[in-house]
Amino acid sequence: MHAKKVDKLATVILYTIAGIIVTILTSLILYILVRGLPHVSWSFLTGRSSSYQAGGGIGIQLYNSFFLLVITLIISVPLSMGAGIYLSEYAQKGPVTNFIRTCIEILSSLPSVVVGLFGYLIFVVQFEYGFSIISGALALTVFNLPQMTRNVEDSLRNVHHTQREAGLALGISRWETIVHVVVPEALPGIITGVVLASGRIFGEAAALIYTAGQSAPALDWSNWNIFSVTSPISIFRQAETLAVHIWKVNSEGTIPDGTEVSAGSAAVLLIFILIFNFGARRLGTYLHKKLTSA
């Protein structure tokens, strides 16, 4: 009888804690959406921001956010895949492996502003990339590489050992087993982790303030020269992202309708982050069913 009462009490406490967390999250999301969505329109999503008159939009900032996300994923996904495969399939227990894991843990615990200052000193100043998309992408790679590497490693480790043994029994090499058997089996978890990391990259601001810059110059959509600062595909131009734009609008206060722009931008940013998170779960479930016939 006493054990049943304790079990019921523990259940009530756990459900209460879960309810509080869900209530706080729901309230925060609803507050941002209710304040921001009335200010969101097609002209707001596609227009250029203005520091001198009301009615500006976030078109360039929204494009910069997606373009920076793509460049970051192009750099970070191959690196995280290589590191995750090494740690899961090849690394032996020892001081070298322990040192690598310690470095990953330290990197994952660094505040984003510290990574931004590191990116400023190394990529902006030392490598002389200046405030640019490539500087921001490299800084975000440093920031997200530990999480993405752990995700790849965990996804590969969750593949049952019989899959590896079956591949080796067929006479194929260890590397071929990893590429053709283990990685496809782990692909749903890997892709889910990449999409979740994309949401984190899309909403990052502190690291980009010191690397990608705080201005969004007009783009010439007919200019496809990757070295031109007005080209939409150039990685050597400054690129104020949507998250940085929200910080800048609130900190400088020069835009006449700054409160409305900030609220609308926050709502748009939140919607895209929710899409990334819910999309990751749906995509992971779909791929798991598709690849495993579960």
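Guide: Buried means under 20% relative accessible area, exposed means over 50%, and partly exposed lies in between (1.4 Å probe, protein chains only). This is a predicted model, in which local features need pLDDT of at least 70, side-chain atom pairs count only at pLDDT 80 or more, and totals for chains, interfaces and linings use all residues. Residues are numbered from 1 along each chain as its sequence is written, and side-chain values use heavy atoms, with hydrogens and water left out.

Visitor: Why is phenylalanine 202 called buried?

Guide: Its relative accessible area is 2%, which is under 20%, so phenylalanine 202 is buried.

Visitor: Why is phenylalanine 66 called partly exposed?

Guide: Phenylalanine 66 has a relative accessible area of 32%, between the 20% and 50% limits, so the residue is partly exposed.

Visitor: What makes the rings of phenylalanine 66 and phenylalanine 272 an edge-to-face pair?

Guide: Rings of Phe, Tyr and Trp (its six-membered ring) pair if their centres lie within 6.5 Å; planes under 30 degrees apart count as stacked, over 60 as edge-to-face and the rest as tilted. Here the centres are 5.2 Å apart and the planes stand at 80 degrees, so the pair of phenylalanine 66 and phenylalanine 272 is edge-to-face. This pair joins distant parts of the chain, 206 residues apart.

Visitor: Why does phenylalanine 272 count as partly exposed?

Guide: Its relative accessibility is 22%, between 20% and 50%, so phenylalanine 272 is partly exposed.

Visitor: Which residues form one aromatic cluster?

Guide: Phe66, Phe202, Phe272 and Phe276 do.

Key: Helix = DSSP H or I, 4+ residues; strand = E, 2+ residues; numbered from the N terminus.
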